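Me: I'd like to learn how to read a structure like this one. Could you walk me through it?

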Amino acid sequence: MALRFVIIGGGPGGHAAASHAAKLGAEVTIIERDIIGGAAHLWDCIPSKAMIATGSALNFINRSEQMGLTDVKAQLDFAGLRDRIQSIEDRLESSASTLLRSQGVRVIEGTGRLVGPHQVVAETTGGAVELEADAILLSTGSRPRIPDWAEPDGDRVLTTRDAYPPKDLPSHMIVIGSGVTGVEFVSMFSSFGCDVTLIVSRQQVLPAKDPEVAAALEDEFLARGVRLFKGARAQGIERQDDGAVKVLCDDGRSAVGSHALLAIGSIPNSEDLGCDLAGVEVNTWGYIDNNHHCVTNVPHVYVAGDLSGKLPLSSVATMQGRKIAEHAMGMHTRDHRHLDYDKAASAIFTEPEIADVGLAEAEAFAEGRKIRVTKVPFSASAKALINNSPRGFVKILSDPATGVVLGGSIVGRHAAELISVIALAVTAGLKVEDIVDSLFVHPALAEALAEASD
Ligand SMILES: Cc1cc2nc3c(=O)[nH]c(=O)nc-3n(C[C@H](O)[C@H](O)[C@H](O)COP(=O)(O)OP(=O)(O)OC[C@H]3O[C@@H](n4cnc5c(N)ncnc54)[C@H](O)[C@@H]3O)c2cc1C
């Protein structure tokens, strides 16, 4: 009899697991209360990147005089942007759910919860559906964290879920939080011509990133006129009579703008999942601990995506989903590669774009580890000059004794695409010579990777 695999939550983790397990021969049921594709498609990755793409196009076109064009001016059509986001989401949702259905996956529209170690119930508009499972995946994701001093109203005080896009184009957006999500918003709204203030709790935007990378982004923000409140923590938001918002900081400073946006992290969707009825342990922060196969403390219950408390990235959730499907189907042989979170590439879709993978310079320094660091600016790249995007650099970290590539960071146009070459090298244990000896296209931005490896 086929393995009965029940999945709660149809985001990237649940979707990938469902699709892969169905291909491997499992009898798969997935329960989703919103859309297949999850928060990633509805509120997070897709709408944010669609807005960012429009902002970049706007900037690029308005700089086109530098490319020998005249009288080319673009203006933002906010209603058109909304339609574009909707149409991208519709297409992705339709292809994601069509794919699952074509693979024989049973898709239940409803809210799922555990009612026993092998039992799941889906509450649907047509009533409760009871399911028996041999393996269960919990992939219910996360939602924006709302501090007790803020009351989002979906109008002027926003979470990331209200902001893609907001009802009106903000005249002055105050972004609270300078992690990945916060800086993406800053970049996007400043591209649209909005005034932007960023509340930065530390002395550096992107506090977890390489200082050189963060400095490149700060320079761009300052050049665009973004106001940075460094070393300030927001501790209150007041609405004013004219509709404006005032953000109060703990150091006495305050900022007044048309909108405030909270970008201060997320919390996992683990309440109401019935974990106690299945014996699944939820940790103090609401995440579900799991091992390198994403198995929880209950051997046939898996967790993927943001709920797993690992890297909160869609790409990671997808890979977890695939690995879980293989494990549930008994395919975790000795050759099976474990998921190595340290080798996950990530990107920040700001202007300039930022991407990194593997070991960071500051981390190597803190560990007292000997590394070779090589860096090449895009201003030396023919293709970057042709593209009118000479800002940024490629940095590659390798082992000085063996030449094995340990990590890298890229700042500049198409960084999120280019990092794949370094990610492949890090995952496959390739050496800098392997990159140098690869015959890349000329002229291409990738040539900078070969030069930085030399
Ligand atoms: C603004 C923003 C931008 C981002 N951009 C990127 C990016 O560019 N690249 C990237 O890799 N990552 C990005 N992320 C992170 C990424 O969105 C998440 O890591 C990813 O969505 C997590 O996937 P998941 O599988 O946990 O499911 P989610 O996408 O969180 O979806 C979970 C699904 O479970 C459903 N659900 C919840 N509870 C139940 C229940 N009880 N029953 C049935 N269904 C339920 C929900 O409706 C939802 O559809 C971004 C995040 C944010 C906030």
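Me: Let's start with helix packing. Which residues of α3 meet which residues of α4?

Reply: First, bear in mind that this is a predicted model. To read a helix contact, list the partners on either side. From α3 come Ile46, Pro47, Ala50, Met51 and Thr54, and they meet Leu81, Arg84, Ile85, Ile88, Glu89 and Leu92 of α4. Sorted by class, that contact of α3 with α4 has eight nonpolar, one polar and two charged residues.

Me: And at what angle do α3 and α4 pack?

Reply: The angle is about 140°, and the axes are 10 Å apart. Angles over 145 degrees would count as roughly antiparallel, so α3 is oblique to α4. As for handedness, α3 passes α4 in a right-handed crossing.

Me: What about α3 and α5: how do their axes cross?

Reply: Here the angle is roughly 45°, and the axes of α3 and α5 (residues 180–191) come within 8 Å. That again makes α3 oblique, this time to α5. The crossing of α3 past α5 is left-handed. On the α3 side the contact uses Ser48, Met51, Ile52, Gly55, Ser56, Leu58 and Asn59, while α5 brings Glu184, Ser187, Met188 and Ser191. Split by class, the contact of α3 with α5 has four nonpolar, six polar and one charged.

Me: Now the backbone. Which peptide bonds here are cis?

Reply: The general idea is that most peptide bonds are trans, and most residues other than glycine have a negative phi. In this model, the bond from Glu351 to Pro352 is cis, with omega near 0°. Pro352 sits in the loop between β19 (346–348) and β20 (354–358). Another cis bond runs from His442 to Pro443, with omega near -10°. Pro443 is in the loop between α12 (432–436) and α13 (447–453).

Me: You mentioned phi. What is the phi of Leu206, and is Leu206 buried or exposed?

Reply: Leu206 is not a glycine, yet its phi is positive, about 45°. You'll find Leu206 in the loop between β11 (195–200) and α6 (211–223). For burial, count neighbours: 20 or more C-beta atoms within 10 Å makes a residue buried. Leu206 has 22 C-beta neighbours inside 10 Å, so it counts as buried.

Me: And Asp272: buried or exposed?

Reply: Asp272 has 9 C-beta neighbours inside 10 Å, so it counts as exposed. Its phi is positive as well, near 60°. Asp272 lies in the loop between β17 (266–268) and α7 (275–278).

Me: One last residue. Where is Thr125, and why does it count as exposed?

Reply: Look in the loop between β5 (119–124) and β6 (127–132). Thr125 counts as exposed because it has 6 C-beta neighbours inside 10 Å.

Terms used. Residues numbered from 1 in each chain as written. Predicted model: local features only at pLDDT ≥ 70, side-chain atom pairs only at ≥ 80, totals over all residues. Helix = DSSP H or I, 4+ residues; strand = E, 2+ residues; numbered from the N terminus. Buried ≥ 20, exposed ≤ 12 C-beta atoms within 10 Å, placed from the backbone. Axes fitted to C-alpha atoms, helices over the stretch in contact; angles between N-to-C directions. Parallel < 35°, antiparallel > 145°, perpendicular 65-115°, else oblique. Left-handed = near helix turned anticlockwise from the far one by under 90°. Contact = placed C-beta atoms within 7 Å. Nonpolar A, V, L, I, M, F, W, Y, C, P; charged D, E, K, R; others polar.
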